[in-house]
Amino acid sequence: MIIFLALLIWRFIKGTFEYERVTRLKLVLIPFYSIFMMVASLKRDFSLQTLALAGALLAVGLAVGVYQAKQVQVHVTGKVDQYQRPIVEVKRNWPYLLGWIVIFALQLAFEIYFGMELTGHEFSQALLKEILRDLSVLAFFGAPNAWFVWVLNVATSWAYAGCLLFFHPQCRAAVRHRHSQNK
């Protein structure tokens with residue numbers, strides 16, 4: 001287990017400093033799915049305390065998401081996909097990694113606040129789950145999460161994607177609606 005976790009950590013960190021393709025899934029679908037899941041989980045666990053904490057987490061998450069997008073490097077490959085959209089790649093860099101660590105620490109703090117005992121095993125399980133969520137779309141969509149995880153994901157994914165789409169027209173072009181093939 002430790003070797004597997006170490007390999008995933010290495011892959012995650014290495015991937016932060018490599019170019020990856022901009023996709024609709026990451027910049028559009030995941031933020032929208034996260035909103036749906038946040039609303040569903042908040043509805044299930046609704047209280048004034050939850051609402052107040054969610055508001056604070058949204059503010060922190062938005063700040064972290066903007067910070068994560070701060071030094072993203074955008075590379076236009078010069079190629080187009082099957083829908084004639086430019087293929088664009090981004091390298092996330094240090095701010096993304098540091099923001100990810102802050103969000104993970106916040107999630108752990110909330111887990112502890114709501115009663116989880118943090119042993120080495122629970123820490124490694126939580127770390128494994130979060131790294132897998134970042135590396136794998138299947139893990140992202142398949143993992144059950146507490147309301148505060150969804151709130152943080154909404155805030156960071158919307159802020160990060162919003163910054164990329166607002167400040168980098170190349171990213172907007174890469175996720176725009178596809179052109180008709182019959183033109």
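Reader: What volume does the second largest pocket have?
Author: In this predicted model, the second largest pocket has a volume of about 210 Å³. A volume here is the space filled by probe spheres set on the grid points.

Reader: What makes a space a pocket?
Author: On a 1 Å grid over the protein atoms alone, a pocket is an open set of points where a 1.4 Å probe fits, with protein on both sides within 12 Å along at least five of seven lines; lining residues have an atom within 4 Å of a point.

Reader: Which residues lie nearest the centre of the second largest pocket?
Author: Glu111, Ala126, Lys129, Glu130 and Asn145 do, out of 14 lining residues. Helix 5 supplies the largest share of that lining, 5 residues.

Reader: Why are helix 1 and helix 5 called oblique to each other?
Author: Helix 1 (residues 2–16) and helix 5 (residues 120–135) pack at an angle of about 40°. Angles under 35 degrees count as roughly parallel, over 145 as roughly antiparallel, 65 to 115 as roughly perpendicular and the rest as oblique. The two helices are therefore oblique.

Reader: Which residues of helix 1 meet helix 5?
Author: Phe4, Leu5, Leu8, Ile9, Arg11 and Phe12 do, where contact means heavy atoms within 4.5 Å.

Reader: How are the residues numbered, and which of them count?
Author: Numbering starts from 1 along each chain as its sequence is written, and side-chain values use heavy atoms, without hydrogens and water. Local features need pLDDT of at least 70 and side-chain atom pairs pLDDT 80 or more, whereas totals for chains, interfaces and linings use all residues.

Key: Axes fitted to C-alpha atoms, helices over the stretch in contact; angles between N-to-C directions. Helix = DSSP H or I, 4+ residues; strand = E, 2+ residues; numbered from the N terminus.
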